[in-house]
Structure formats: C-alpha cells, structure tokens
Amino acid sequence: MVASGPGAAPLENANPLIYRRSGERPVTAREEDDELPDAIDDREIFDLIRSINDPEHPLTLEELNVVEQMRVKVDDAQSTVSVEFTPTIPHCSMATLIGLSIKVKLLRSLPERFKLDVHITPGTHASEHAVNKQLADKERVAAALENSHLLEVVNQCLSARS
Amino acid sequence: MPEALSLLCRVSAHPESRCWALAWSPSGALLASCGGDRAVRVWGREGSGWACRAVLADGHQRTVRRVAWSPCGQFLASASFDGTTCVWRRHEHGFEVVATLEGHENEVKSVAWAPSGSLLATCSRDKSVWVWEVDEEEQEFECVSVLSAHSQDVKHVVWHPSQELLASASYDDTVRLYREDEDDWVCCATLEGHTSTVWAVAWERSGQRLVSCSDDRTLRVWQRSEGHGGGSEHSWQCVCTLSGYHGRSIYDVAWCHLTGAVATACGDDAVRVFEEVSPVSPGSPVTFGLAAHVPRAHAQDANGVAWHPREPGLLASCGDDGDIAFWQYQRPEGL
C-alpha cells in the first residue's frame with residue numbers, strides 16, 4: 001500500500017516509486033447535453049487534485065500515488081467530499097502541507113456548499129491522528145491561510161507546471 | 001419541529017467572508033459581530049429588522065475571532081488572529097480603540113470580561129490563558145497571570161455569571177477552571193471526557209452547571225458538587241452527554257439565562273435548541289431533549305449562537321456564509 005523506500009529512509013523520501021498517470025477523462029454523451037443535470041463525481045474531484053505538485057519532488061501527487069481516484073468519495077446530493085491521501089513514507093514531515101494543499105485546492109474549486117474532509121489513508125502515517133485533527137480544524141486552517149509564507153508554499157504546490 | 005424556531009430576519013453581516021462570532025451588549029440594545037474580513041460590526045434595531053450602526057475596521061490586521069462586551073456596556077473587546085486584543089470604548093458617535101493588549105505569541109482565539117468588569121481574560125493558540133486587571137478610569141490593562149494548564153491551542157474563555165471563576169476550552173479536548181488563590185491564579189479543575197477539540201463552553205444562570213460543545217459532535221453538561229471538608233474546593237462531574245444530534249463539529253453553544261434553553265451552532269449548517277426534561281423523580285438522571293432544529297439555518301457552517309439577554313427566546317446565529325440570522329424561539333408544548 002505504501003509507496004515507500006527502505007525502512008531506514010530518513011525524513012525525506014529520496015527515491016520515491018513513480019506511478020503512471022491516468023488518461024484523460026472520457027466525456028460521455030450525457031455530460032455534453034447541457035439540458036441534463038450533471039452531478040460532480042469522484043473523477044472530477046480526482047482531476048482537481050491529481051496534478052498538485054509534491055512539495056519536495058518535481059512530481060505530482062498522482063505520480064507519487066499520494067492521491068488515487070479510489071480514495072475520493074463525493075456525494076453531490078449531500079454536498080460532501082472526502083479525500084484520503086497516502087504519504088509516501090510513514091514519517092513524511094510534509095503530510096500536513098500536502099493535506100492543506102488538497103484542501104485549499106478543493107476550497108477554491110468547489111461550490112461553497114461542499115463539506116470537505118481530507119484525511120490520511122488509515123495506517124499510513126505515524127502521526128495520522130494529529131495531522132487529521134489539524135486539517136479538520138477550520139479555525140487553524142483559516143489562520144494558516146492568513147500566513148503569507150505558508151500561503152506562498154501552498155500556492156507553489158497548486159501552481160501548474162510548465 | 002420547525003415552528004419552534006422561526007426566522008425573524010437575516011442580514012449579510014460580513015459579505016465575501018465568514019462571520020465567526022456574536023455578542024449582545026448587556027442591555028440587548030446592540031449586537032456585535034466579527035469575522036474574516038478583519039472587522040467588527042455593531043448592529044441595532046431598525047423597524048422590524050437590524051441595521052449596521054458602526055464598522056470597527058482599523059483595529060486588526062487579521063481575522064477577528066471573538067468579541068465581548070464589558071458588563072457596563074461601555075467597552076467592547078475584540079480578539080484577533082493578529083495576536084492582539086483591542087478594547088474599544090463606545091462614545092456618542094462610534095467606537096475608538098482605548099487599548100491594544102499584546103503579549104500572546106500567536107492567534108488570540110477568545111476574550112471575556114469578568115462579571116465585576118475589573119478582570120479580562122484572553123486565550124490563544126500559544127496554549128495560554130491570560131488574566132488582565134482593568135483600571136477603568138485610567139483605561140489601563142495589566143496582565144496579572146499567565147495560565148499554562150492546557151497542552152494545546154485554547155479556543156474559548158468565559159467567566160462564571162457572578163463569581164470570579166473562569167472556564168477555558170481547548171484543542172487538548174479538556175475544559176479547565178481557574179480561580180484566584182492568594183494573589184495568584186490557579187487551575188482548580190480539569191473536565192475530561194470529550195474525545196476531540198472543545199470549541200466552546202457556556203454557564204447556566206446559576207453558575208452551578210456548564211455545557212461544553214466539541215468536535216466529537218457531542219454536548220456535555222457538567223455539574224459542580226461541593227467538596228468535602230467545607231473548603232472552597234469543588235469538583236465537577238459530567239451529568240449528561242448529548243450525542244447523536246449533531247452531524248459535524250459543534251462550534252458554539254449558548255445557555256439562555258432567561259429560559260434555560262441551550263442553543264448550538266454546528267458545522268452541518270444547522271441551529272438546534274435543547275431543553276432540559278423535568279426529572280421523573282428526584283435523583284433521576286439529567287436529560288435534555290431536542291426542542292428545535294433548523295437544518296439549513298445557514299448556507300454554510302454555523303459558527304455562533306447568542307441568546308438576547310432581556311427578550312426571552314430571541315436568538316441570533318452566524319455562519320461561514322457571512323450572515324447573521326435572528327430567530328424567535330418558542331418552547332414546543334408537551335416537551
């Protein structure tokens with residue numbers, strides 16, 4: 001499950017396993033018909049987050065298998081989105097920053113009615129509970145986003161690579 | 001049960017932002033709101049609605065998280081993510097900053113005045129609670145104690161309705177109580193039971209009980225029992241846990257001192273009201289029942305609830321949608 005290096009790896013994951021990117025989403029006839037209601041689905045959420053940059057490698061979260069479509073759950077009718085992400089190593093010091101980047105990307109992209117839950121895939125990080133609690137605390141997320149240095153780092157993760 | 005809580009009026013209070021909290025002035029003539037737009041707004045009645053009387057925009061550099069009126073109604077304190085607390089004095093034409101309280105290492109999350117008006121408490125993400133002495137004539141504030149009982153971010157502080165007893169709620173999942181002991185302030189009780197962040201606490205009018213709300217989606221009612229030995233020590237026990245009613249984190253709770261009703265603001269957008277159910281026999285367990293539930297009270301998370309101090313059943317709520325909603329609550333029959 002975990003795309004990790006050797007167990008003795010230091011904090012930074014020097015040689016991550018790289019995964020193949022998924023293809024473009026095929027557009028169905030129903031989606032082309034503007035008359036029909038078009039609910040937001042898992043794939044659309046995945047498309048929003050898969051090209052977020054990893055903070056320390058010139059790779060996307062999809063290429064590092066940090067995000068996967070099967071770990072995205074959206075319920076458009078209930079306005080809920082849940083994303084599990086998998087740090088590349090169990091002691092990844094970037095886990096909170098990665099989770100925050102996913103959260104900010106979704107906050108900026110989705111209608112405001114959506115409730116966003118961003119969690120670490122169970123069992124894949126040593127400080128899973130602490131990171132999840134931090135990401136779920138909207139007051140601390142709001143304060144973090146008023147910190148211009150941190151916001152700049154998040155924006156770098158979210159910027160499209162040329 | 002929608003008829004139990006009926007909408008009177010809705011105002012866009014902090015547009016393009018979120019409204020974090022509300023506070024009624026002691027007379028109930030004014031309502032203060034604060035939000036992510038760094039402003040405090042003061043609202044007064046106009047006809048059947050509410051109008052903005054003042055915008056306090058130049059006090060803070062970042063989000064204003066909470067506001068509190070002094071018991072005399074002449075001062076308003078605002079706690080901000082910029083690490084400071086501003087004290088504003090009300091005069092004929094508006095409000096002016098008379099003091100900026102500095103010292104916390106980072107975001108100030110809450111502020112509260114003691115019932116005497118001579119003490120102020122602030123709390124912060126730096127894990128501390130500060131008690132300030134107020135010299136009203138000189139308009140000076142001196143820090144008299146820094147309390148470091150919590151191990152994490154402190155979310156809320158609120159004073160006992162008549163005594164100099166302070167309660168604080170924290171990200172460390174506990175509520176703590178403090179009192180003065182021989183010229184120093186000490187933590188005199190730790191209330192453990194919540195399994196996640198405690199966002200807010202509210203005292204019952206008597207001061208014998210308090211209610212806390214949490215990220216664990218429960219409310220807990222705590223009761224004071226006089227200690228043995230006749231000293232001033234007392235212990236607190238959780239006498240009731242309300243679980244299963246809230247869909248997400250509960251951000252605020254308000255215990256009405258006129259009617260005894262308990263209102264909550266929840267991350268599932270709803271505002272709810274609970275009433276204590278009369279005990280079947282003396283000594284039977286304390287129970288509360290759901291008396292009102294408005295599922296879409298706000299278009300986004302509900303953040304704050306505040307009962308009017310003079311008009312029974314008048315409730316204000318606010319949310320991430322930037323709105324303030326005013327509600328009239330009527331206790332349902334047969335509850």
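Here are some notes on this predicted model of chains A and B.

1. Confidence first. The predictor gives the complex an ipTM of 0.94 and a pTM of 0.93. Chain B has a mean pLDDT of 95, with 97% of its residues at 70 or more. For chain A the average is 88, and 91% of the residues score at least 70.

2. A stretch to treat with care: residues 1–11 of chain A stay under 50 in pLDDT. The model still has 20 contacts for residues 1–11 of chain A beyond four places in sequence. Where pLDDT is low, the predicted coordinates should not be read in detail.

3. Now the interface. Chain B puts 26 residues into the contact and chain A puts in 15. About 1,800 Å² is buried between the two chains, and carbon and sulfur atoms give 39% of that.

4. Charge shows up here. Between chain B and chain A there are 12 salt bridges. The side of chain B that touches chain A has 14 charged residues, along with seven polar and five nonpolar ones. If you want one pair to look at, take Glu139(A) and Lys155(B), whose side chains meet in a salt bridge at 2.7 Å, N to O.

5. Over all chains, the search finds 34 salt bridges. Some of them join up: Lys115(A), Lys138(A), Arg18(B), Asp269(B), Arg296(B), Asp301(B) and Asp320(B) are linked in a network.

6. Within chain A, have a look at Arg50(A). Its side chain meets that of Asp47(A) in a salt bridge of 3.0 Å, and Arg50(A) forms another salt bridge with Glu62(A) at 3.1 Å. Glu62(A) and Arg50(A) sit 12 residues apart, in the loop between helix H2 (42–49) and strand E1 (72–75). Both Glu62(A) and Arg50(A) are buried, while Asp47(A) is partly exposed at 27% relative accessible area.

7. Arg71(A) is in that loop between H2 and E1 too. Arg71(A) pairs with Glu84(A) in a salt bridge, with the closest N and O atoms 3.2 Å apart; Glu84(A) lies in strand E2 (residues 80–85), 13 residues away. Arg71(A) counts as buried because its relative accessible area is 12%, under the 20% cut-off. Glu84(A), at 24%, is partly exposed.

8. Last, Ser249(B). Where does Ser249(B) sit in chain B? Ser249(B) is in the loop between strand E21 (234–242) and strand E22 (250–255). Ser249(B) is buried, with a relative accessible area of 6%. Its side chain makes a polar contact of 3.0 Å with that of Asp215(B). Beyond four places in sequence, the residues Ser249(B) touches include Trp199(B), Arg217(B) and Cys266(B).

Note on methods
Residues are numbered from 1 along each chain as its sequence is written. Chains are lettered from A and ligands numbered from 1 in the order in which they are written. This is a predicted model: local features need pLDDT of at least 70, side-chain atom pairs count only at pLDDT 80 or more; totals for chains, interfaces and linings use all residues. Side-chain values use heavy atoms; hydrogens and water are left out. Contact means heavy atoms within 4.5 Å. Buried area is the accessible area (1.4 Å probe) that two parts lose on being put together, summed over both. A salt bridge is a side-chain nitrogen of Lys or Arg within 4 Å of a carboxyl oxygen of Asp or Glu. Ala, Val, Leu, Ile, Met, Phe, Trp, Tyr, Cys and Pro count as nonpolar, Asp, Glu, Lys and Arg as charged, and the others, Gly among them, as polar. Helices (H or I, at least four residues) and strands (E, at least two) are DSSP runs, numbered from the N terminus. Buried means under 20% relative accessible area, exposed over 50%, partly exposed in between (1.4 Å probe, protein chains only). A polar contact is a pair of N or O atoms within 3.5 Å; within protein, one must be able to donate a hydrogen and the other to accept it, and residues adjacent in sequence count only if both atoms are side-chain atoms. pLDDT is the predictor's confidence in each residue, from 0 to 100.
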